[in-house]
Amino acid sequence: MKIDSSLPLEYSTEENRLKIFGFWIFLGAEIMLFATLFTVYFTLETRTGSGPTGSEIFELTPVLWETFLLLSSSFTIGLGVHAMRLGNKKAMMTFFIITLILGLGFLGIEIDEFVTYVHEGATIQTSAFLSALMTLLGTHGAHVTFGFFWGVAILIQVAKRGLNPQTANKAFIFSLYWHFLDVVWIFIFSFVYLKGLIS
């Protein structure tokens, strides 16, 4: 395995570069998935039937907290990748741990939000609008949950093996995934919650 020391560790081998390229292709498929879910939501958002509308169930404060936590986690994972490129294992792991804690906070608020909806009689079976909403939010939440466990697995590998081309590549690919989830959330925040609250 030929290592190019002139490149960042995560790009230092041909295999690593191909894995990163392959993950970008995977993210393209993920974009199509969420584009489909957004399209379904926009098609069905006015079909509330006898159920509540978005403006009746959305609350701005928890959504702002979710947004703050997730965008902060995007910043901390960026710091983690920077520390990794400097060869600072301890700082890299610290920033990744903070990222995952922020992700858990986001999930906690989202779960509480879902429980509140159900208690108010807003379930996935209540209307086409709520079905599309909960499918979109649930899919994003499932991705964040998967990302949390993926991040834990990477931290365990880095703790055991240190920073090398393989662990750096995995950590960098994970950071791309996490940034992608943050971008999706910005669209959810803007076009689902804010739009729903002002309509």
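This briefing walks through some helices, residues and aromatic rings of the structure above. The model is predicted, so local features need pLDDT of at least 70 and side-chain atom pairs count only at pLDDT 80 or more, while totals for chains, interfaces and linings use all residues. Residues are numbered from 1 along each chain as its sequence is written, and side-chain values use heavy atoms, with hydrogens and water left out.

**Transmembrane regions in the record**

- An unreviewed UniProt entry places the feature "transmembrane region" at residues 21–44, 64–84, 91–109, 129–159 and 171–194. UniProt positions are given in the numbering used here, feature names are shortened, and annotations may be inferred rather than shown by experiment.
- Residues 21–44 are 100% helix and 0% strand, and the end C-alpha atoms of this span lie 35 Å apart. Helices (H or I, at least four residues) and strands (E, at least two) are DSSP runs, numbered from the N terminus.
- For residues 64–84, the end C-alpha atoms are 30 Å apart, and the span is again 100% helix and 0% strand.

- Thr67 sits in helix H3, which covers residues 60–85.
- With a relative accessible area of 10%, Thr67 is buried. Buried means under 20% relative accessible area, exposed over 50%, and partly exposed in between (1.4 Å probe, protein chains only).
- Setting aside neighbours within four places in sequence, Thr67 is in contact with Trp185 and Phe189; contact means heavy atoms within 4.5 Å.
- The side chains of Thr67 and Trp185 also make a polar contact, at 2.9 Å. A polar contact is a pair of N or O atoms within 3.5 Å; within protein, one must be able to donate a hydrogen and the other to accept it, and residues adjacent in sequence count only if both atoms are side-chain atoms.

**Ile156 in helix H5**

- Ile156 belongs to helix H5 (residues 128–161) and is partly exposed, at 44% relative accessibility.
- Ile156 and Met93 are 63 residues apart in sequence, and their C-alpha atoms are 9.5 Å apart in space.

**Aromatic rings**

- The structure holds 21 aromatic pairs. Rings of Phe, Tyr and Trp (its six-membered ring) pair if their centres lie within 6.5 Å; planes under 30 degrees apart count as stacked, over 60 as edge-to-face and the rest as tilted.
- Phe174 and Trp178 form a tilted pair, because their ring centres are 5.7 Å apart and their planes stand at 45 degrees.
- Both Phe174 and Trp178 lie in helix H6 (residues 165–198), four residues apart, about one turn of the helix.
- Phe174 is buried at 1% relative accessible area, and Trp178 is buried at 1%.
- One aromatic cluster includes Trp185, along with Phe187, Phe191 and Tyr193 among others.
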